[in-house]
Amino acid sequence: MTRIDPTNLFGFLIQDIARLLSRAFEQQASELNISRPQARLLAYVALSEGAKQTEIAALMDIQKITLTKLVDGLETMKLIERRPDPSDRRVRRLYMAAGAHSVLDNIWQLLSEVSNAALAPLSSERKLALIEDLATIRDHAIDSNAPNK
């Protein structure tokens, strides 16, 4: 029987790379005065503007109370806004505040720099192929976990 090296299993590698990229981002993001979870939330709000808080929590795979604390912080920083749902007054929808776009541009720039540093050993062709393959794997993982499949 061949012994498996768990550190070379796909899931382990993905988690380890994510951890290392998160650490690099955190180290460099201190000048932005925003935490990694806050930056992540801001990105999700930008990508799903007008979504319900519960929808964003599900997208981020975090508890509603955790999301609420993150929203509170970003709202205090005047980066996102909670707005009432016109059809259900119990529901709040999340929107980017006016000043959030420049902060998000800085976050995207920093993420790009961190990603470029991580991918530096690869040729341009291999970088593109890796990103395309990872997107395919993500899309397949989402599809295979969808209800009624």
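# Reading burial, salt bridges and packing

Me: Which is Asp 85, buried or exposed?
Reply: Asp 85 counts as buried, at 6% relative accessibility. The general rule is that buried means under 20% relative accessible area, exposed means over 50%, and partly exposed lies in between (1.4 Å probe, protein chains only). The model is predicted: local features need pLDDT of at least 70, side-chain atom pairs count only at pLDDT 80 or more, and totals for chains, interfaces and linings use all residues. Residues are numbered from 1 along each chain as its sequence is written, and side-chain values use heavy atoms, with hydrogens and water left out.

Me: What share of the chain is buried?
Reply: Of the 149 residues in the chain, 22% are buried.

Me: Which residue forms a salt bridge with Asp 85?
Reply: A salt bridge is a side-chain nitrogen of Lys or Arg within 4 Å of a carboxyl oxygen of Asp or Glu. Here the partner of Asp 85 is Arg 93, and their closest N and O atoms are 2.6 Å apart.

Me: How many salt bridges does the structure hold?
Reply: There are eight. One of them joins Arg 83 to Glu 81, at 2.8 Å from N to O. Arg 83 is partly exposed, with a relative accessible area of 35%, and Glu 81 is also partly exposed, at 29%. Another pairs Arg 90 with Asp 88, at 3.0 Å from N to O; Arg 90 counts as exposed, at 72% relative accessibility. Salt bridges can also form a network, as Asp 72, Glu 75 and Arg 82 do.

Me: How many helices and strands does the chain have?
Reply: Helices (H or I, at least four residues) and strands (E, at least two) are DSSP runs, numbered from the N terminus. This chain has six helices and two strands, in the order α-α-α-α-β-β-α-α along the sequence. The C-alpha trace spans about 60 × 45 × 25 Å along its principal axes.

Me: Which residues touch the most other members of the largest nonpolar core?
Reply: A nonpolar core is a set of buried Ala, Val, Leu, Ile, Met, Phe, Trp, Tyr and Cys residues joined through side-chain atoms within 4.5 Å. The largest one here has 25 residues, and Leu 41, Leu 42, Ile 56, Leu 67, Leu 74, Ile 80 and Ile 107 touch the most other members. Among the elements that each supply at least two residues of this core are helix H1 (10–29), helix H5 (100–119) and strand S2 (88–96).

Me: Which residues does Leu 41 contact, leaving aside neighbours within four places in sequence?
Reply: Contact means heavy atoms within 4.5 Å. With those neighbours set aside, Leu 41 is in contact with Ile 56, Met 60, Leu 67, Leu 70, Val 71, Leu 74 and Ile 80. One of these, Leu 70, lies in helix H4 and counts as buried, at 13% relative accessibility. The C-alpha atoms of Leu 70 and Arg 40 are 9.9 Å apart, although 30 residues separate them along the chain.

Me: At what angle do the axes of H3 and H4 cross?
Reply: Axes are lines fitted to C-alpha atoms, for helices over the stretch in contact, and angles run from 0 to 180 degrees between N-to-C directions. The axes of H3 and H4 cross at roughly 110° and come within 9 Å. H3 is therefore roughly perpendicular to H4, a label for angles of 65 to 115 degrees (under 35 is roughly parallel, over 145 roughly antiparallel, the rest oblique).
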